[in-house]
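This report goes through a few local features of one protein chain. Keep the sequence and the structure in view while reading.

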Amino acid sequence: MARAHDKDIAMQAKPHDISRWLRHAGTWRAHARWLFPERALDLLETSIRESEREHRCEIRLVIEAAMPLASVWQGQTCRQRAVQLFHQLGVAHTSERTGILLYINIADHDIELIADKGVNALVAAHRWDAVVTRMSAGFRDERYVQSVLDALNTLRGIARESLPAHAGAAPDNALTDRPLMI
């Protein structure tokens with residue numbers, strides 16, 4: 001699985017970090033909805049759907065306002081949470097092992113990109129890191145939706161280059177294209 005992150009603090013979470021716990025307790029789903037309103041989710045869904053017509057990867061976008069407080073208290077990192085969701089949401093169970101999870105955590109200001117082994121065998125880790133780095137820069141400039149759209153477009157190019165759709169075959173679309181807001 002590819003590894004990419006925005007903030008070192010999210011990667012070095014420790015058990016019983018009260019300031020991190022308070023940050024997650026104080027970040028509500030409304031914060032995520034403010035950054036990614038319904039219209040934005042529609043745009044992101046369309047981008048994913050159109051992208052998946054051109055390649056054999058399954059892209060899943062998850063926007064999480066804050067992790068469960070018990071997990072934060074126990075020191076779960078955003079990376080660990082993304083891996084958990086990667087499996088829980090079935091991204092790890094696509095037929096060709098070509099799932100890609102793009103995970104955004106609002107409370108920790110963290111972005112994780114996880115790609116399954118069918119994709120990672122063909123794509124260098126630095127390409128995933130570049131996607132996250134550009135997305136993080138856009139977030140710092142408060143261009144949230146546009147940064148995710150740009151990242152999805154970059155993923156589209158990487159996936160089309162590495163795992164193009166089979167000629168004449170209908171896309172598998174094993175996972176929903178709708179971004180998950182939790």
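## A side chain that meets the backbone

A polar atom of the N105 side chain lies 3.2 Å from the backbone nitrogen of A107. Another backbone nitrogen, that of D108, is 2.8 Å from a polar atom of the N105 side chain. A polar contact is a pair of N or O atoms within 3.5 Å; within protein, one must be able to donate a hydrogen and the other to accept it, and residues adjacent in sequence count only if both atoms are side-chain atoms.

N105 lies in strand β2. With a relative accessible area of 1%, N105 is buried (buried means under 20% relative accessible area, exposed over 50%, partly exposed in between, with a 1.4 Å probe and protein chains only). Leaving out residues up to four places away in sequence, N105 touches H24, E64, A65, A66, M67, C78 and D110, where contact means heavy atoms within 4.5 Å.

## Where the numbers come from

This is a predicted model: local features need pLDDT of at least 70, side-chain atom pairs count only at pLDDT 80 or more, and totals for chains, interfaces and linings use all residues. Residues are numbered from 1 along each chain as its sequence is written, and side-chain values use heavy atoms, with hydrogens and water left out.

## Helix α8

Helices (H or I, at least four residues) and strands (E, at least two) are DSSP runs, numbered from the N terminus. The 16 residues of α8 should span 22 Å at 1.5 Å a residue, and the end C-alpha atoms are 23 Å apart, which agrees; the expected span is 1.5 Å times one less than the number of residues.

Which residues of α8 are buried? They are W128, V131, V132, M135, S136, G138 and F139. These residues cover an arc of only 160° around the axis, so they sit on the same side of α8; the arc is that of the directions from the helix axis to the C-beta atoms. On the other side of α8, H126, T133 and R140 are exposed. The buried residues of α8 pack against β2 (99-105), β3 (110-115), α7 (117-120) and α9 (144-162).

## Aromatic rings

The whole structure holds three aromatic pairs. Rings of Phe, Tyr and Trp (its six-membered ring) pair if their centres lie within 6.5 Å; planes under 30 degrees apart count as stacked, over 60 as edge-to-face and the rest as tilted. The ring centres of F36 and F139 are 6.4 Å apart and the planes are at 55°, so this pair is tilted. F36 is in the loop between α3 (29-35) and α4 (38-52), while F139 is in helix α8, 103 residues apart.

F36 is buried, at 0% relative accessibility. Ring pairs link F36, F139 and Y144 into a cluster.
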